[in-house]
Amino acid sequence: MSGPAPAFTVALRPAAERDIARITDIYAHHVLSGLASFEVAPPDAAEIARRRADLLAEGLPYLVAELEGAIVGYAYAALYRTREAYRYTVEDSIYVDRGAVGRGVGRLLLERLIVECTALGFRQMVAVIGDSANRASIALHEACGFRHVGLLPSVGFKFGRWVDSVLMQRALGQGAATLPRERG
């Protein structure tokens, strides 16, 4: 799963409360200028902090990537759906600062999420990618073992146009080959 090492050192660690402002800034840029998120108004820091706390309360990973002491990206896993039958499936979310795009930060974050979610006993990871033209995110997920499983045409409306969602999925650990052990 690992590709060539980046020519710089990126440190990954769990996101902390002190990171909320920077996470909020990174996400706001994506909301206002891209289709990775279907939100149209960026949430404030209090809302980002609440969302992070909710994920941590579920025991899910929420990571940041630092380069030379500055946060250049973040990623987290959320339950794919809340109904009990989905309890072994998570959805990944990855956002990278515009100045660090294309430098391998997203891949490092996704690879770590895969490892952590596998260790937590999850068996499937789903990516719901905004915009079928989002080649960078699609390629990132393919490089990390995801495969295309569906397309939801024109399910979002943002920036004056209809936008697709691409569904990708990969097994974690033994995937569906064996019965899972009950989580937590």
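Which residues does Tyr74 touch, not counting residues up to four places away in sequence? In this predicted model, Tyr74 touches Ile23, Ile26, Tyr27, Tyr62, Leu63, Val64, Ser93, Ile94, Tyr95 and Leu109. Tyr74 is also, together with Met125, one of the residues with the most contacts inside the largest nonpolar core, which has 46 residues. The largest share of this core, seven residues, comes from strand 3.

**Strand 3 and its partners**

- Strand 3 is largely enclosed by the rest of the structure, because eight of its ten residues are buried.
- Strand 2 pairs with strand 3 in the antiparallel sense, over six bridges, and within this pairing Tyr74 of strand 3 is the bridge partner of Val64.
- The hairpin formed by strand 2 and strand 3 has two residues between the strands, and in this hairpin Glu68 takes a positive phi near 50°.
- Strand 4 likewise pairs with strand 3 in the antiparallel sense, here over seven bridges, and Tyr74 stands opposite Tyr95 in strand 4.

**Helix 1**

- Helix 1 covers residues 20-33, and its 14 residues reach 20 Å from the first C-alpha to the last, close to the 20 Å expected at 1.5 Å a residue.

**Salt bridges**

- The structure holds 13 salt bridges, and one of them joins the side chains of Glu182 and Arg87, at 3.4 Å from N to O.
- This pair links distant parts of the chain, since Glu182 belongs to the segment after strand 7 (161-171) whereas Arg87 belongs to the loop between strand 3 and strand 4, 95 residues apart.
- Glu182 is exposed, with a relative accessible area of 54%, while Arg87, with a relative accessible area of 29%, is partly exposed.
- In helix 3 (residues 105-119), Arg107 and Glu111 lie four residues apart, about one turn of the helix, and their side chains meet in a salt bridge of 2.9 Å, N to O.
- Arg107 is partly exposed, at a relative accessible area of 23%, whereas Glu111 has 11% relative accessibility and therefore counts as buried, the limit being under 20%.
- Helix 3 also holds Glu116 and Arg112, which are separated by about one helical turn because they are four residues apart; their side chains meet in a salt bridge at 3.8 Å, N to O.
- Glu116, at 26% relative accessibility, counts as partly exposed, and so does Arg112, at 31% relative accessibility.
- Elsewhere, a network of salt bridges links Glu39, Glu47, Arg50, Arg51 and Asp54.

Conventions: Residues numbered from 1 in each chain as written. Predicted model: local features only at pLDDT ≥ 70, side-chain atom pairs only at ≥ 80, totals over all residues. Heavy atoms only, no water. Expected span 1.5 Å × (residues − 1). Buried < 20%, exposed > 50% of the residue type's maximum accessible area, 1.4 Å probe, protein only. Pairing = 2+ DSSP bridges. Core = buried A, V, L, I, M, F, W, Y, C linked by side-chain atoms within 4.5 Å. Contact = heavy atoms within 4.5 Å. Salt bridge = Lys/Arg side-chain N within 4 Å of Asp/Glu carboxyl O.
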